[in-house]
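Student: Could we take a close look at a single part of this model? I'd like to go through the sheet and the salt bridges around it.

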Amino acid sequence: MKKNALQFLTVGLILFLLASCSPKATPDPNAQIQQAVAATLAALPKATVPPASTPYPSPTPFELAGLFCEYQFCIGHPIDMAFFDVSAQQNPAAPSSYGQGVIAALNANLFIQVMWQSAPNVADPEFLLKLIVDSQVDTRQGNLDVKLIHNMNVMYTAITSTATPVLPFGGAGAWTCGDRVFAWKVYAPQAETASPLFEEMLARFTCGK
């Protein structure tokens, strides 16, 4: 009986050691980015229910007076917002770089996310648009708008989102510039805010080619 118990204990110990030494699954970087963005959105204040007599608010004007220039591109943003490196926040050993990255900025009224990837000879940016539009919380609205702006292939779609209750509307776009593809997304309090923001941002966008 003691011999059987000893054999059982030995087998159990071997199985435990094998399990602890087995290789761990490589984390999905896209899932990590989504987790980091979700944690950022969680910092936004909760929505307050307006009185029944309050009329629906008019679109809030936002001016992209700020200009973020790094990673050999420049992009407009509201002056009271500052971009931070989502990639570095999620994994300090792998911050954003020229070849790929994710940055975001937020305040109580807007959330903006930008991502880019090196994609030489790629003319269609839709693959990155599909990536930045999070299927778990974002829903495309209407038709996909495709056009050529400043010799860049550009596409844009309006979205609604359940990512945060205070910013239920938004838009997302993607475009090519040089050997990279860029994507941009905004969450806003009114549906009318997103498209003008995208157009103004793109008007001020430049990249090192």
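How many bridges join strand 8 to strand 9, and do the two run parallel or antiparallel?

Tutor: Before the details, a word on the ground rules. This is a predicted model, where local features need pLDDT of at least 70, side-chain atom pairs count only at pLDDT 80 or more, and totals for chains, interfaces and linings use all residues. Residues are numbered from 1 along each chain as its sequence is written, and side-chain values use heavy atoms, with hydrogens and water left out.

Now to your pair: strand 8 (residues 169-177) and strand 9 run antiparallel, joined by nine bridges. Strands here are DSSP runs of E with at least two residues, helices are runs of H or I with at least four, and both are numbered from the N terminus. Along this pairing, Thr176 stands opposite Val181 in strand 9. Zooming out, the open sheet has seven strands in the order 3-4-5-9-8-7-6, with antiparallel pairing; two strands count as paired if DSSP finds at least two bridges between them. At the edges sit strand 3 (84-85) and strand 6, each pairing on one side only. In general, strands of a sheet pair through backbone hydrogen bonds, either parallel or antiparallel.

On to the charged side chains: there are three salt bridges in the structure, each a side-chain nitrogen of Lys or Arg within 4 Å of a carboxyl oxygen of Asp or Glu.

Another salt bridge joins Arg140 to Glu126, the closest N and O atoms being 4.0 Å apart. Arg140 lies in strand 6 (residues 138-149) and Glu126 in helix 4 (residues 126-132), so this pair ties together parts that are 14 residues apart in sequence. Arg140 is partly exposed at 32% relative accessible area, and Glu126 is partly exposed at 22%. Then there's Lys147 with Asp145, whose side chains meet in a salt bridge at 3.5 Å, N to O. Lys147 is partly exposed, with a relative accessible area of 34%, and Asp145 is partly exposed at 34% as well.

Conventions: Buried means under 20% relative accessible area, exposed over 50%, partly exposed in between (1.4 Å probe, protein chains only).
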